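The model comes first, then my notes.

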Amino acid sequence: ITLAIVFCLSAPSKAQHNQEHNFSLACNYTEARQYQKAIAACDQLILVEPDNANYYYLRGVNWYFLQEWDKAIKDFDKTLELNPQYTDAYLKRAKAKNKNNNFVGALIDYNNARNESFYKTLITVSGDFFRSVFWTKNE
């Protein structure tokens, strides 16, 4: 009986540790530009914990890097459904909508991001502007 109690008490922490490990793995895949592997890791995370906005956001970022705008937008939509104050999701969704030629939707998302975090939005938008002016495809 004692062993069963110890096992039951340790199971949630073991599961949580496994989720943290898998999230770290997904982040590492993203940094290594192994986007498909990162998406697969996020899929596994979402299966276990479907109400975690961070998992949808990370998967959306990877879809964004793969230029799968609709899939990225869908994941950012879910992120914002779970956490309406997720400024980075508004910003990344705005960029995906812009790439998808939904300019009005992008402006709405930038405005929502501004309402959540004015300075983060300002820094992101100004950084995007400077990259568009000074960065060329040949570099």
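Is arginine 93 buried or exposed? I looked up its relative accessible area, which is 11%, so arginine 93 counts as buried. I note that this is a predicted model.

Next I looked for the partner of arginine 93. Its side chain meets that of aspartate 77 in a salt bridge, at 2.6 Å from N to O. Aspartate 77 belongs to helix α4 (residues 69-82) and arginine 93 to helix α5 (residues 87-99), so the bridge ties together parts 16 residues apart in sequence. For aspartate 77 I read a relative accessibility of 36%, which makes this residue partly exposed.

I then asked which residue lysine 97 forms a salt bridge with. The partner is aspartate 109, and the closest N and O atoms are 3.2 Å apart. Lysine 97 lies in helix α5, whereas aspartate 109 lies in helix α6 (residues 103-116), so this pair ties together parts that are 12 residues apart in sequence. I found both lysine 97 and aspartate 109 buried. Salt bridges with shared partners join Asp77, Arg93, Lys97 and Asp109 into one network.

Last, I looked within helix α4. Glutamate 81 and lysine 78 form a salt bridge, with 3.2 Å between the closest N and O atoms. The two are three residues apart in helix α4, which means about one helical turn separates them. Glutamate 81 is exposed at 56% relative accessible area, while lysine 78 is partly exposed at 24%.

For the record, I list six salt bridges in the structure; the pairs above are among them.

Methods:
Residues numbered from 1 in each chain as written. Predicted model: local features only at pLDDT ≥ 70, side-chain atom pairs only at ≥ 80, totals over all residues. Heavy atoms only, no water. Salt bridge = Lys/Arg side-chain N within 4 Å of Asp/Glu carboxyl O. Helix = DSSP H or I, 4+ residues; strand = E, 2+ residues; numbered from the N terminus. Buried < 20%, exposed > 50% of the residue type's maximum accessible area, 1.4 Å probe, protein only.
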